Amino acid sequence: MPIQVLMPALSPTMTEGKLAKWLKNEGDAVSAGDALCEIETDKATMEVEAVDEGTLGKILVAEGVEGVAVNTPIAVILAEGEDASALQGMAAAPAPAQQAAPEADTVAPVTVPASAPTAPATPPEEETTSANTVTQTVREALRDAMAEEMHRDESVFLMGEEVGQYQGAYKISQGLLDEFGARRVVDTPITEHGFAGLGVGAAFGGLRPIVEFMTFNFAMQAIDHIINSASKTLYMSGGQMGCPIVFRGPNGAAARVAAQHSQCYASWYAHCPGLKVVSPYSAADAKGLLKSAIRDPNPVIFLENEILYGSSFEVPDDPDFTVPIGRAKIERAGGDVTITAFSLMVEAALQAAESLAAEGIEAEVVNLRSLRPFDTDTVVQSVQKTNRMVSVEEGWPAAGIGSELAAQMMEHAFDHLDAPVARVTGTDVPMPYAANLEQLTIPRPDNIVAAAKAVCYR
Amino acid sequence: MATPARRKPKAAAAKAAPRRKKAAAKAKPKPQVSRDELLGFYREMLLIRRFEEKAGQLYGMGLIGGFCHLYIGQEAVVVGMQAAAREQDTMVTSYRDHGHMLVSGMDPKGVMAELTGRRGGYSKGKGGSMHMFSREAGFFGGHGIVAAQVPIGTGLAFAHKYRQDGGICVTYLGDGAINQGQVSEAFNMASLWQLPAIYVIENNKYGMGTSVERASATTDLHRRGDAFDIPGMQVDGMDVLAVKAAAEVATAHCRAGKGPYVLEMKTYRYRGHSMSDPAKYRTKEEVSKVRQESDPIDYARDLIFENKMADEASLKETDREVKALVTEAAEFAQQSPEPEPEELYTDVLVEA
Ligand SMILES: Cc1ncc(C[n+]2csc(CCOP(=O)(O)OP(=O)(O)O)c2C)c(N)n1
Ligand SMILES: [Mg+2]
């Protein structure tokens, strides 16, 4: 059978082109890889190579013809042993219908509310509780969570700058090197991009790395691997390449370390499908969520807060205590206004609630804990009760966690709102160094009080 | 009518030997190669070539979209490297990945169907040409970010060492990728921790339109590991036997627990960087010279004839078999349906 040569698409967007020049004549022998002709597109002139061996039997589109549609037959190649008689009736072959990619409208990607993918597919299991508690700092809780999980699963290991011999830049990994040895507590060079990628590879290879960033500010050098390699590969592989890895470290402002060391990345990571993002407040949150994060088969961003490391809380002493990812927690019940917060801002929200109570306003404080997936249900239920909401976060206002929550309340609790959702956020500037300016930047309890009163019209 | 043209007259094929000038002088005496092994190399290289030509054709018909990077000309690199691989080893590369998948033992049908974005593809149509994987085959991608595979491969090597499974990770990267900072970061850690990692730099002379000379302050890319005390070797990447010999040296080094190894393969891509590259940065003469004088498949073919390992007729039979495989793959890739719309939402997260 003679083989038709079709007008090729030479770029992702080409639909037609000009047949600029034939480089072979009828009757010429051709072998695979020989240049047959030159095609001019709007971008460039390119050669078309033969894919088959044989003789150029007939040229169907002459040199100089413009506007030749992709997939139009332009020539016929005769295979070994065929002669021109095989060409009969082939000259005027109609152009086959173009088999281009399906039009965008054959798929309807936006048929679900934008918030749907962030909601947990199945309701997460209940938080395991235990009657007995011990008093621990967040620092100790994080350490214990890692140690317990490393005992439980031999494939869990910790890597990062100063995690071993130095015992952790913030002493979170205190004692782990002695307990587990250098094979499992790995001091890395200062090479965030490299060790984040290495961690992802190790996770693909069947291990469960905990990658500590000295702070999340430095993870910007690693964000390509976090997003492009860790969060997308499962999808790009059709479900084959799970990446069980935890990226953890302090996030947000510490104290007086200025712009490059004081940024909240919550909304950056919460934006991205393929990740889970959590941010604990109490020591119990820290321990229970970190254990869940380490056991989770997905990449988890674990945003800690340096200022909270030394704070003490009650922590269940049950070694199987975990906090499920995707569950918010009501820290304080109240019927007048809902205040959502995460990490250190929960503390500010609780202080604000105290002041509000003195003025006769009962605030319900929701500690979000998970930022992807969001526990939309818990927040909606609270708003159904209070009809008012204030979102608090340290990060910048634009495209922030509060922006997302406000949108979700419009989608899911619109009829219950008696006032627009208010946002209390970090000021829209890089973090200043001066003590007084820094104070003005981070949300304070009095900002929250003012916002709560405003939505209560008081 | 006329007999199909050959790039070389048949008679000349048998004595077309004196082409590996520089590399021949450098390379060690040709390793012993059995008839079966050499015929196997020939077949695998041919499979890659025919597969890629077919992919180019399907792209031209609008059946493959987006970016599609062909491996034509570089076949000897991955085929020679794979000759030294063992079951437990892993492999990772960039977006120019079709050849690597085929030698990993992945099914040409599944690879081609991924190129056409169909359900039967290795990633169910969600990855495309640049993003394909097979845990089963030890192939870890298929990565679209230049050099991202280098720390990832280093992490796979870390996992081999951690688990003491005796495996090595072979990471392929381009001459363009070598200049990424993360390559130096990965080299440092691989050497520091003595990881079983082989880095194969496929120096095909260009990163898109930029020649090595215009991109690299030092062009001896096999020496890029020097600063980290990683041994390196330059290899004629158009000679499958030279590649195999180098692979044996590097794998022996890694398996002995001596840490990473860098191999620079001097090779060449015949086609443009991707399908839409008019390749104006090099002359036609440059391309046709390589094709005529150093084609890796012609070279293997000549060796086979020289050593009377097979005759013309039996290689023709191999050609036919390979062609049939590729045709079958192309048909499958067109018949396999597009993914169900519901697949849009699957594989974002693993169910916890
Ligand atoms: C980080 C990044 N920068 C740029 C690109 C665009 N890009 C894709 S391939 C390529 C050239 C790479 O050349 P080389 O490493 O020599 O590999 P080859 O294509 O020759 O196999 C570039 C610049 C990319 N994919 N990723
Ligand atoms: Mg290159």
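This is a short chat about a few local features of a predicted model.

Biologist: Let's start with the metal. Which protein donors does the magnesium ion (ligand 2) have?

Modeller: Asp175(B) through OD, Asn204(B) through OD1 and Tyr206(B) through O. They lie 2.1 Å from the ion.

Biologist: What spacing do these donors follow along the chain?

Modeller: The pattern is D-x28-N-x1-Y. Asp175(B) sits in the loop between β3 (169-174) and α8 (181-192) of chain B. Asn204(B) is in the loop between β4 (197-203) and β5 (206-207) of chain B, so the pair ties together parts that are 29 residues apart in sequence.

Biologist: Is Asp175(B) buried or exposed? And Asn204(B), buried or exposed?

Modeller: Asp175(B) is buried, at 4% relative accessible area. Asn204(B) is buried too, at 5%.

Biologist: Where does Lys205(B) lie?

Modeller: In the loop between β4 and β5 of chain B. Its phi is positive, about 80°, although Lys205(B) is not a glycine. Most residues other than glycine have a negative phi. Lys205(B) is partly exposed, with a relative accessible area of 41%.

Biologist: On to peptide bonds. Which residues does the cis bond in chain A join?

Modeller: Arg372(A) and Pro373(A), with omega about -5°. Pro373(A) is found in the loop between β20 (370-372) and α9 (376-386) of chain A.

Biologist: And what is omega for the cis bond from Gly141(B) to Gly142(B)?

Modeller: Near 25°. Gly142(B) lies in strand β2 (residues 139-142) of chain B. Most peptide bonds are trans.

Biologist: New topic: helices. At what angle do α3 and α12 of chain B cross?

Modeller: Roughly 155°. Helix α3 covers residues 35-60 and helix α12 covers residues 296-306, and their axes come within 10 Å. That makes α3(B) roughly antiparallel to α12(B). The crossing is left-handed.

Biologist: Which residues meet there?

Modeller: From α3(B), they are Leu38(B), Leu39(B), Tyr42(B), Met45(B), Leu46(B) and Arg49(B). From α12(B), they are Pro296(B), Ile297(B), Ala300(B), Arg301(B), Leu303(B) and Ile304(B).

Biologist: How many of the contact residues are nonpolar, and how many charged?

Modeller: There are 10 nonpolar and 2 charged residues, with no polar ones.

Notes: Residues are numbered from 1 along each chain as its sequence is written. Chains are lettered from A and ligands numbered from 1 in the order in which they are written. This is a predicted model: local features need pLDDT of at least 70, side-chain atom pairs count only at pLDDT 80 or more; totals for chains, interfaces and linings use all residues. Side-chain values use heavy atoms; hydrogens and water are left out. Donors are N, O and S atoms within 2.8 Å of the metal (3.2 Å for Na, K and Ca); water is not among the atoms, so sites may look incomplete. Helices (H or I, at least four residues) and strands (E, at least two) are DSSP runs, numbered from the N terminus. Buried means under 20% relative accessible area, exposed over 50%, partly exposed in between (1.4 Å probe, protein chains only). Axes are lines fitted to C-alpha atoms, for helices over the stretch in contact, and angles run from 0 to 180 degrees between N-to-C directions. Angles under 35 degrees count as roughly parallel, over 145 as roughly antiparallel, 65 to 115 as roughly perpendicular and the rest as oblique. A crossing is left-handed if the near helix is turned anticlockwise from the far one by less than a right angle, and right-handed if clockwise. Contact means heavy atoms within 4.5 Å. Ala, Val, Leu, Ile, Met, Phe, Trp, Tyr, Cys and Pro count as nonpolar, Asp, Glu, Lys and Arg as charged, and the others, Gly among them, as polar.
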